[in-house]
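Trainee: I am new to this structure. Could you walk me through how to read it?
Mentor: Gladly, let us look at it together.

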Amino acid sequence: MTASGWSLGEAEARRIEEILHEFLRQSGVASALLIDHTGQTVTGVGASLPDRDGLASLAAADYSANDQLASLIGDVALGPIVHQGERGSVLLADVARRVILLAVFDRRTTPGLVKFRAKGAVQALERVFTGMARDAGQGAAPRMEGAFLGEAAEEIDRLFGA
Amino acid sequence: MSMINYASREINCKLVYYGPGLGGKTTNLEHVYQKVAPQFRGKMISLATETERTLFFDFLPVDLGTIRGFKTRFHLYTVPGQVYYNASRKLILKGVDGVVFVADSQVERMDANIESMQNLYDNMLEHGLDLTKIPFVIQYNKRDLPNAAPIADLQAALNPGWPLEQPARQVVTPDPNYPGEFLIQQYDGVWVERAPAFEAVATQGIGVFDTLRAVSKLVIKTLG
């Protein structure tokens, strides 16, 4: 975690990717992404997806809207959501109330198998994120160096026309 | 919350355009989409009604490029302005790094502006965020209309300022946009800060990038 948000280190990223690769292998999904609840992609494995940012923002909004719907009808926890299409399907599942597992799959597998394997992947991912939350409470928050801030401000002027 | 991903060396920041219905939030994003070169932005996604009113949100990713090895992106969102859609607005504010309040300058929309500003403050509080402590700028849009209220009236109603408690920041700071006025100054012994404000005609692109540049720089500062 940082003062302004949160950060992901290389060791955790490696472990997360291992879990996602294992999920891919066991379930037959084409792609698996982890996105945070603001719609930003944390990491992903598998086939590349067209407009990944757009997909992540829509998936986060979709999950949040369904989560709110569940709470409005008195349900405390939302289970995995599956959108089953003719050619492509999507599964969304919460991980430790921190991130969302987004799996994209087609007819080469079945929603039942994907849901079943997603459960194991979510449990493994939850252990990683629980460890990250514990570690975040122990160290100083990482920050970007001054040179980064200066160059970023110059890029903003260049892109948005000073 | 901005996310620093040290593994993939990416930084993503979330900016939200807030304000009353028909104030010009979507128009701001559409102008950015049209003017920023395609290699620096993604597709714009709009979840709108049949009458092109925003139903859930608009989304536009803008890529600053790779800075010191970190791919840096801003994700721009709008909220639906209509009062009815408060649940959606609240969801979009989740994890916000910076806010642009797009006010409608028309005299007749003053009450709608005030109601929306109060709603923004309340919704931020529900996420545990204090609007006065995160990057926040105001845009007075539709300055070309004959019924536009004077800036002084808009500032008094929407941007009166808030007490500034950090001693290190208690320095008189002139407002670069309004000569003779101040972003930080002392009133009756109390230090008061106001949000930077920009005048705009979003349909013509006037003031759109000034606003975006200001809030983006404030967000980048928070990473340091």
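**Confidence, cavities and a helix**

Mentor: Let us start with confidence. Chain B has a mean pLDDT of 94, and 100% of its residues reach 70 or more. Keep in mind that this is a predicted model. For the complex, the predictor gives an ipTM of 0.84 and a pTM of 0.88.

Trainee: How many cavities of 30 Å³ or more does a search of the whole structure find?

Mentor: First the general idea: rolling a probe the size of a water molecule over the atoms shows where empty space is left. Here the search finds three cavities of 30 Å³ or more. The largest cavity has a volume of about 70 Å³.

Trainee: Which residues line the largest cavity?

Mentor: Both chains take part: A:His37, A:Thr38, A:Ser57, A:Ala60, A:Ala61 and A:Ser64 are in the lining, along with B:Lys14, B:Tyr77, B:Leu91 and B:Ile92. By type, the lining has five nonpolar, four polar and one charged residue.

Trainee: Which helices supply at least two residues each of that lining?

Mentor: They are helix 2 (52-72) of chain A and helix 2 (86-93) of chain B. Helix 2 of chain A gives the largest share, four residues.

Trainee: What span should helix 5 of chain B have?

Mentor: Count 1.5 Å a residue: helix 5 (residues 208-222) of chain B has 15 residues, so it should span 21 Å. Its end C-alpha atoms are 22 Å apart, which agrees.

Trainee: Which residues of helix 5 of chain B are buried?

Mentor: Among them are B:Val208, B:Phe209, B:Leu212, B:Arg213, B:Val219 and B:Ile220.

Note on methods:
Residues numbered from 1 in each chain as written. Chains lettered and ligands numbered in written order. Predicted model: local features only at pLDDT ≥ 70, side-chain atom pairs only at ≥ 80, totals over all residues. Heavy atoms only, no water. 1 Å grid on protein atoms, 1.4 Å probe; cavity = no way out; pocket = protein on both sides within 12 Å on 5 of 7 lines; lining within 4 Å. Points joined across faces, edges and corners; volume = space filled by probe spheres on them. Nonpolar A, V, L, I, M, F, W, Y, C, P; charged D, E, K, R; others polar. Expected span 1.5 Å × (residues − 1). Buried < 20%, exposed > 50% of the residue type's maximum accessible area, 1.4 Å probe, protein only. pLDDT = per-residue confidence, 0-100.
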